[in-house]
Amino acid sequence: MHASSPQGFLVHHGRAGIKETSPDFTVIASEVPAVASAVFTRSRFAGPSVLLSREAVADRSARGVVVLSGNANVATGAEGRRDAEEIRRRVAEAIGADENDVLIASTGLIGHRYPMPLLRAHVASLRWPFPGADFDAAATAIMTTDTHPKIRRARCGDARLVGIAKGVGMMEPDMATLLTFFCTDAAVGPVVLDDVFRRVMDRTFNALSIDTDTSTSDTAAVFASGLAGHVDLVEFERALGALALDLVKDIARDGEGATKLLEVRVTGARDVAQAKRVAKAVVNSPLVKTAVHGADPNWGRVAMAVGKCQDDLDIVPERVTISFGAQEVYPGTPGPKELERVAEHLKNAEVALQVDLGVRPYSTAEFTAYGCDLTEGYVRLNADYST
C-alpha cells in the first residue's frame, strides 16, 4: 500500500478485454462499510451505470465502485441495463458486499454493449481481499483519451485523502465526460460529507469546461472509511477542495489537443450565479480559445463573450474591466506595448483572464472557470475517435 493511501481501501486493476491492450477494469473497495456521496450527469441520455449508482448511493453508504473504461454502455436499451446489473452483482459477490452497496461507472464509446463473456471471465478471477491499494494503477485503468493518469493525495490531521480522475473531452458540466473518485479514512457523517462534497464539486469540477458538450456517464463519488477518526471539518473541506481543484487543472491541461490551461476569473458580479455564467461564456468561446492558442492579443473576443450574456441587463460595458494577467486592456484602448505584454502572457502554459463586471463594486460574488485552448489536435482526435 502507498504510504499516503487512506486506511481501509483495496484496489483491483487489470485488462478485461474492452480495450485491445491497455487496462480497462478497476474496482475500488472499502474493507468496512463506508460513508459515501456522489453526483452525476444530468444528461437525459444518462447510461445505466449512472442510474444504478444513483440508486446505490441514495442511502449515503457504499462499499465501493467498479469502473469499466472503453465502453460507456449508453443507449443500449434493456440489455445494457441488465449487463450493468450483472457486472455490479458479480463484483459485489466477489468482495462480499450487497449489490446495492456497489456503484458502477462506465466511460467510452456510446451505443455498444459490454463484451460480456470477457467481463464475466475477468470478474470470476477476482480474489478478495485484493492484494493492495494501488490507486496509481486505478488512475491508469479508468483512462480513455487521457494522455496520462491523474491522481492527487492530501492530508488532513491524521486522515489521508486520495483522488483519481479521467476526462479530457466532452467537458461541460454538470460535470463532463468525467469520472472521479475520492477515498479518505476521515470519519465524516453522511449528511456532512454529502454537503461538503457538493460544495466542493460546485467550485471545482462544475467550474471545468473543455468543449461545452455534456457526457452521458459523468460520475463523481467520495468514500470515507472513518478508520483515521474525526477531523476538523473546515480543514477537511479545504483539503478535499484543494485536491479536487488540482485534478481539475490536471484535466484542463490535458484537454483533448490542448496546449494551455485557461483560467477565467469573474468578480464584481451581482451573485455567484452571474459570475459563473459570464466565466463560462468566456472560457467556452471558440474565438477566445483559439486566440489563446495562437497567442493573439485580441481582447475584443473576451468583450464579445461577456456580451453574449444578453439577459444580464445590469452588465454595463462602461463598468466592465478586462485584464490578461496583470495587463488591463479595457476600458481604454491598449497601445502596442500593452498588447505586446498581453501576447507574451498568452504564450505561457497557463493563461489567466480577469473580468470585473462592476455590477456591484464591493461584491464578494466571484467565480473562476477552468478550460483550455482549442487546437487542430482536438478536431483530429475527435474526428478519428471511433475508428
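Biologist: How many helices and how many strands does the protein chain have?

Modeller: This is a predicted model, and in it the protein chain has 11 helices and 13 strands. The C-alpha atoms of the protein chain fill a box of roughly 70 × 50 × 35 Å along the principal axes.

Biologist: What radius of gyration would a compact globule with 387 residues have, and what does the protein chain have?

Modeller: A compact globule with 387 residues would have a radius of gyration near 21 Å, and the protein chain has 22 Å, so the value agrees with that expectation. Buried residues make up 56% of the 387 residues. Of the contacts with a separation of 6 or more, 80% are accounted for by residues 24 or more positions apart.

Biologist: Which residues of helix H1 are buried, and against what do they pack?

Modeller: In helix H1, which covers residues 48-56, the buried residues are Pro48, Ser49, Val50, Leu52, Ser53 and Ala56. These buried residues of H1 pack against strand E2 (25-40), strand E3 (61-71), helix H2 (77-95), strand E4 (102-109) and strand E8 (219-230).

Biologist: How should I read aromatic pairs, and how many does a search of the whole structure find?

Modeller: A pair of aromatic rings is described by the distance of the centres and the angle of the planes. A search of the whole structure finds four aromatic pairs. One of them is formed by Phe182 and Phe197, with 6.0 Å from centre to centre and 75 degrees between the planes, an edge-to-face arrangement. Phe182 lies in strand E7 (residues 179-187) and Phe197 in helix H5 (residues 190-203), so this pair ties together parts that are 15 residues apart in sequence.

Biologist: Are these two rings on buried or exposed residues, and which residues do ring pairs link into a cluster?

Modeller: Phe182 counts as buried at 2% relative accessibility, and Phe197 counts as buried at 0%. Ring pairs link Phe182, Phe197 and Phe205 into a cluster.

Biologist: What volume does the second largest pocket have, and which helix gives the most to its lining?

Modeller: The second largest pocket has a volume of about 190 Å³, and H9 gives the most to its lining, with three residues. The lining is made up of Trp299, Ala303, Val306, Gly307, Cys309, Asp312, Ile315, Val316, Pro317, Val320, Ile322 and Tyr330. By residue class, this pocket's lining divides into 10 nonpolar, one polar and one charged.

Technical notes
Residues are numbered from 1 along each chain as its sequence is written. This is a predicted model: local features need pLDDT of at least 70, side-chain atom pairs count only at pLDDT 80 or more; totals for chains, interfaces and linings use all residues. Side-chain values use heavy atoms; hydrogens and water are left out. Rings of Phe, Tyr and Trp (its six-membered ring) pair if their centres lie within 6.5 Å; planes under 30 degrees apart count as stacked, over 60 as edge-to-face and the rest as tilted. Helices (H or I, at least four residues) and strands (E, at least two) are DSSP runs, numbered from the N terminus. Buried means under 20% relative accessible area, exposed over 50%, partly exposed in between (1.4 Å probe, protein chains only). The radius of gyration is taken over C-alpha atoms; the globule rule is 2.2 Å times the number of residues to the power 0.38. Contact means heavy atoms within 4.5 Å. On a 1 Å grid over the protein atoms alone, a cavity is a set of points where a 1.4 Å probe fits but cannot get out, and a pocket is an open set with protein on both sides within 12 Å along at least five of seven lines; lining residues have an atom within 4 Å of a point. Grid points are joined across faces, edges and corners, and a volume is the space filled by probe spheres set on the points. Ala, Val, Leu, Ile, Met, Phe, Trp, Tyr, Cys and Pro count as nonpolar, Asp, Glu, Lys and Arg as charged, and the others, Gly among them, as polar.
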